[in-house]
Amino acid sequence: MRTTTSALRTSSCLRRPAVVAVAALLVSSAASACGSDTGAAGTSPGTERPSRPSTRGTGATSDTGTPSDPSGSGGPGTSAAPTTPSAPGDGTQRQVRASVYFLHGEKISPAPRTVTPPATAAGALRALLAGPSRYERGQGRTTAIPSGTALRSVAVHRHVATVDLSGRYDDGGGSLSMRARLAQAVFTATRFPAIEKVRFEVDGKPVTSFGGEGIVLNSPVGRVDFEDMAPLVLVGSPLIGDTLRTPVRVWGSANTFEATFRLKITDAAGRTAADVYATASSGSGTRGTFDVTIPCRAARSGVGLLTAYWNSLEDGHAVIEDTVPLTVTR
């Protein structure tokens with residue numbers, strides 16, 4: 001607004017330094033808050049989630065940025081009450097949620113872990129190498145990675161992670177086991193938004209042909225290279241052991257006929273608390289993403305199950321693609 005009196009101009013000039021100081025303080029506080037929540041390389045937990053950052057750095061780093069949602073530790077957790085990151089200077093290290101990919105049957109299946117920034121990709125891969133927890137094993141989760149495999153290093157450059165593993169990694173197993181263990185590492189690493197593909201090394205030497213089956217790895221590989229190792233509906237969240245509160249947000253990726261499928265939640269009484277149709281962004285040969293919110297009415301709180309399935313075109317029977325054991329609350 002234009003002011004015509006010198007008195008008002010003088011008053012405005014006197015107030016300006018104070019306004020600038022307050023604005024600078026607010027900007028500084030906002031920057032500190034963002035830094036404590038998201039890490040250096042983005043806030044999305046990976047490629048299964050529809051909302052990925054559109055701007056990412058391309059420089060070389062020793063690791064990658066952190067996903068945004070805090071975590072469970074491999075046993076029953078919660079999907080509704082995120083853990084607040086530790087404040088700087090309180091003597092504790094902030095932890096964030098990550099996902100590691102085990103096997104459920106012959107397909108990959110994510111499980112929750114906590115990792116400490118900034119070495120988040122390394123932390124997730126080490127958690128993967130440690131194998132499923134007792135709770136996860138009891139829910140049918142296994143691993144194709146040989147016991148004793150160690151992570152030597154992870155380096156990220158231009159969205160490609162070079163993962164150096166110990167010699168145990170390529171020991172034994174047939175072609176399915178070899179593809180499964182590669183898929184586990186690739187899906188775990190690419191859950192982070194700064195990583196799109198993985199280049200493998202074993203004992204510091206680049207791998208161009210993996211195992212006795214000669215799986216070709218002469219260039220970086222991504223999730224699309226292991227499409228056969230993922231179920232047609234891959235649930236990225238909620239994760240095994242999470243606690244659900246209505247409404248339930250379910251997101252992931254799918255590659256079903258005409259991109260449609262169904263999501264069912266069963267409560268502790270074995271009753272259907274929700275059963276809805278969902279549609280991915282693409283299907284019929286091309287994997288797309290989905291992100292839906294489901295009203296859930298449980299008759300009894302306790303151990304429940306999320307089932308992703310589709311109905312056979314031949315006789316209408318349910319073809320189950322993924323199941324996630326959960327705790328359901330009323």
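Predicted model: local features only at pLDDT ≥ 70, side-chain atom pairs only at ≥ 80, totals over all residues.
1. Asp 164 is buried, with a relative accessible area of 4%; buried means under 20% relative accessible area, exposed over 50%, and partly exposed in between (1.4 Å probe, protein chains only). The residue is found in strand β6 (residues 160–165).

2. Residues are numbered from 1 along each chain as its sequence is written, and side-chain values use heavy atoms, leaving out hydrogens and water.

3. Three strands form an open antiparallel sheet in the order β3-β2-β4. β3 (107–115) and β4 (141–142) are the edge strands with a single partner each, so one side of each has no neighbour in the sheet. Strands are DSSP runs of E, at least two residues; helices are runs of H or I, at least four, and both are numbered from the N terminus. Two strands pair if DSSP finds at least two bridges between them.

4. β2 (residues 96–104) and β3 pair over nine bridges. Arg 97 has Thr 114 in β3 as its bridge partner. Helix α4 packs on the sheet, touching β2 and β3, and its direction makes about 165° with that of β2. Axes are lines fitted to C-alpha atoms, for helices over the stretch in contact, and angles run from 0 to 180 degrees between N-to-C directions.

How values were computed: Contact = heavy atoms within 4.5 Å.
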